[in-house]
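I opened my notebook to write down what I looked up in this structure, one entry at a time. The entries follow the order in which I went through the model.

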Amino acid sequence: MSRKTQRAGVFAVAATLITTFALSESSGVAAEAADEAPATEISNPELQDAANPAFIAEEVVQPLPAPAPVEETVEEEAAPKPAGSLRELVSTTTTSGQLSRDMHCLASAIYFESRGEPLAGQLAVGTVIVNRAESRQFPSDYCGVVTQRSQFSFVKGGRIPKARTSTAAWRNAKALAKIAHEGTWESAAADSLYFHATYVKPRWASRKKHRAQISTHVFYR
């Protein structure tokens, strides 16, 4: 082999070594650059690699609980104070307005039969009429009871005379009729169906059960 050929081979080997060394250095630098490069921010979550997920900060909306229903407080009306006496109840009982035919008959009987009696005695008379209307032994309405033949002396020919409606006695009679009808005051007459004045002694009285005597009237069942 000639000296010229040997020199060419040496140069070739040297060139190869230099190229290899240069390539290895450049690849190492590239690797270091890759390691030091900052992570790329991903703005579209759909393009995010599943192996390297990105965390997107979003506003979290927490639903508020529905407000509890507010219960309306209904103030109960105070119950009317019970009357301390029959006189008080009579004075506070409403008597305005027109009476029905039946209530007019009841008030008229109280007025004509007992307006001279104390209030308890007048109420007792009204109670007898109410008791009779509720009993099968007598007519079922107040007018029928009051106008029944031979029962009340103030009734003439089945007709009730006209009361003096402008008087306090008539006003009391209307109030007592309402009290007897509604049963808002307990009468001493209780369940009585009969009564008579103390100045007479009817035969039937001995066959009835005595209930009470109020002023000049005696009451029986």
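**Entry 1: a pair of strands.** I looked up Ala212 and found that its bridge partner is Phe219 in β3. I noted that I am reading a predicted model, and then turned to the two strands themselves, β2 and β3, which pair in the antiparallel sense over four bridges.

**Entry 2: the turn of the hairpin.** Which residue takes a positive phi in the hairpin of β2 and β3? I found that Ser215 does, with a phi near 55°, and that this hairpin has two residues between the strands. Ser215 sits in the loop between β2, residues 210-214, and β3, residues 217-220.

**Entry 3: another serine with a positive phi.** I also looked up Ser150, whose phi is near 60°, again a positive value in a residue other than glycine. Ser150 is in the loop between α5, residues 142-146, and α6, residues 168-182. Is Ser150 buried or exposed? Its relative accessibility is 70%, so I counted Ser150 as exposed.

Entry 4: I went on to α3, residues 101-114, and α4, residues 119-134, which pack with their axes 9 Å apart and at an angle of about 135°. The two helices are therefore oblique to each other, since an angle has to be over 145 degrees to count as roughly antiparallel. The crossing of α3 and α4 is right-handed. On the side of α3, I listed Leu106, Ala109, Ile110, Glu113 and Ser114 as making the contact, while on the side of α4 the residues are Gly121, Gln122, Val125, Gly126, Ile129 and Val130. Sorting the residues of this contact, I had six nonpolar, four polar and one charged.

Entry 5: Leu89 is in helix α2, which I noted as residues 86-92. Because its relative accessibility is 14%, Leu89 counts as buried. Which residues is Leu89 in contact with, leaving aside its neighbours within four places in sequence? I found Ala83, Ile179, Thr184 and Trp185. For Leu89 and Trp185 I also looked up the separation of the C-alpha atoms, which is 8.3 Å, although the two residues are 96 residues apart along the chain.

Terms used. Residues numbered from 1 in each chain as written. Predicted model: local features only at pLDDT ≥ 70, side-chain atom pairs only at ≥ 80, totals over all residues. Heavy atoms only, no water. Buried < 20%, exposed > 50% of the residue type's maximum accessible area, 1.4 Å probe, protein only. Pairing = 2+ DSSP bridges. Axes fitted to C-alpha atoms, helices over the stretch in contact; angles between N-to-C directions. Parallel < 35°, antiparallel > 145°, perpendicular 65-115°, else oblique. Left-handed = near helix turned anticlockwise from the far one by under 90°. Contact = heavy atoms within 4.5 Å. Nonpolar A, V, L, I, M, F, W, Y, C, P; charged D, E, K, R; others polar.
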